[in-house]
Amino acid sequence: MAALLQVNGLRVAYPAGAGEVRAVDGVSFQMERGSVLGVVGESGCGKSTLACAIARILPEPGHVVGGEVLLDGVDVLRCPAGELRRLRREKMAMIFQDPAAALNPVMRVGAQLSENLRLRARLSHAEVRQRALRLLRAAGLHEPERCLRQYPHELSGGMRQRVMIALALCGEPELLIADEPTSALDVTIQAQILGLLRDLRARRHMAMLLVTHDLGVAAELCDEILVLYAGRVCERGGVEDIFYHPAHEYTRALLGCLPSLEGGRGHLAAIPGAPSRPGAQIKGCPFAPRCARAMPVCRAQQPEEIEISAGHLAACWRNVPGQGDGGRP
């Protein structure tokens, strides 16, 4: 059976002066039905741009300059407007990072849900109301009747995020794109939202693309992880591969920044330097200027992905025979 989502050589750019900034640079991956793929990395590495490009909602002046996105065999980037609307109704949905900005502030929650439901099917007022209540209950809201009458500003951050999830579920999507769905929530509400997403995935056999900078969230929810840096894939693999056998120096650096329950009161580790300046010309590995173990070849030539084990790949010169040390720390 073909993969639900295939992304092949996707490149996204923003104009900058006389040139352009490559925000996503040749990203490829695929997702099976029911799988959860986490996209992780620092702020500015291209995670949200990648998600918006897949959903074809890139903010201007961003534009796709190459590659393809196939959702159930349909090229999202090149299909006509009518087909794109059908895909968004029936195949994919998105949870945005800031529900307060994504929800319409002058419409009650019930009106926003009703509008989405009527776009997908001819339903009576009573049927729309019953479906809206079921969606809110499925999203974990315990007083759905009251929520229907409220405006977004009358809800807490966690409740707004649950409303966003209910809106995303209106069309029973096969692919749910979640862009930092818990970043603005406290840890208790975050745990509830993650549990809800896990349950929805299990009950609906829904694939999920999770964009996050929180490695703990990725470890808890994902089957596979894609590590991005400067718009390029550094490493990809299963959760155990990434967390217990990292093969790229950037992945190791990210993991080294995690606080330890066994440590003392020392300072939290940080990756030295800063991400590459937008528009900078990068000849070699984009992480080389910040890497403590960079070799001359790292700064001179971009590495290709090397298979570390089945399903685990990394683009790091230290994994290339004769160049590094096999990726050993």
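**Starting from one residue**

Mentor: Glu-32 counts as partly exposed because its relative accessibility is 37%, a class that lies between buried, under 20% relative accessible area, and exposed, over 50%, computed with a 1.4 Å probe on protein chains only. The model is a predicted one, in which local features need pLDDT of at least 70 and side-chain atom pairs count only at pLDDT 80 or more, while totals for chains, interfaces and linings use all residues. Residues are numbered from 1 along each chain as its sequence is written, and side-chain values use heavy atoms, with hydrogens and water left out.

Glu-32 sits in the loop between β2 and β3, the latter covering residues 36-40; helices (H or I, at least four residues) and strands (E, at least two) are DSSP runs numbered from the N terminus. From Glu-32 to Leu-254 there are 222 residues in sequence, and their C-alpha atoms are 27 Å apart in space.

β2 belongs to an open sheet of four strands, ordered β2-β1-β4-β5 with antiparallel pairing, where two strands pair if DSSP finds at least two bridges between them. β2 (19-31) and β5 stand at the edges with a single partner strand each, so one side of each has no neighbour in the sheet. Within this sheet, β1 (residues 5-16) and β4 (residues 63-71) are antiparallel and joined over seven bridges, and Gln-6 stands opposite Leu-70 of β4. Leu-70 also has a bridge partner in β5, namely Asp-75, as part of the antiparallel pairing of β4 with β5 (residues 74-75), which extends over two bridges. The hairpin of β4 and β5 has two residues between its strands, and there Asp-72 takes a positive phi near 55°.

Helix α1 lies across β1, β2 and β4 and runs at about 115° to β1, where contact means heavy atoms within 4.5 Å and angles, from 0 to 180 degrees, are taken between N-to-C directions of lines fitted to C-alpha atoms, for helices over the stretch in contact. This helix, residues 47-55, is mostly covered, with eight of its nine residues buried; among them are Leu-50, Cys-52 and Ile-54.

β3 is part of an open sheet of eight strands in the order β6-β7-β8-β3-β9-β10-β12-β11, with mixed pairing. Its edge strands are β6 (92-95) and β11 (306-309), each of which pairs on one side only, and the twist from one strand to the next averages 20°. β3 runs parallel to β8 (residues 207-211), to which four bridges join it, and Val-39 has Val-211 of β8 as its bridge partner.

α11 (residues 249-256) lies across β9 (224-229) and β10 (232-238), at about 100° to β9. α7 (residues 157-168) lies across β6 and β7 (175-179), at about 170° to β6. α7 also meets α8 (residues 187-204): their axes come within 10 Å and cross at roughly 15°, which makes α7 roughly parallel to α8, since angles under 35 degrees count as roughly parallel, over 145 as roughly antiparallel, 65 to 115 as roughly perpendicular and the rest as oblique. In this contact, α7 contributes Gly-158, Gln-161, Arg-162 and Ile-165, and α8 contributes Ile-189, Gln-192, Ile-193, Leu-196, Leu-197 and Leu-200.

α4 (residues 109-120) and α5 (residues 125-138) pack at an angle of about 110° with their axes 9 Å apart, which makes α4 roughly perpendicular to α5. The residues of α4 that meet α5 are Val-109, Leu-113, Ser-114, Leu-117 and Arg-118, while those on the α5 side include His-125, Val-128 and Leu-135.
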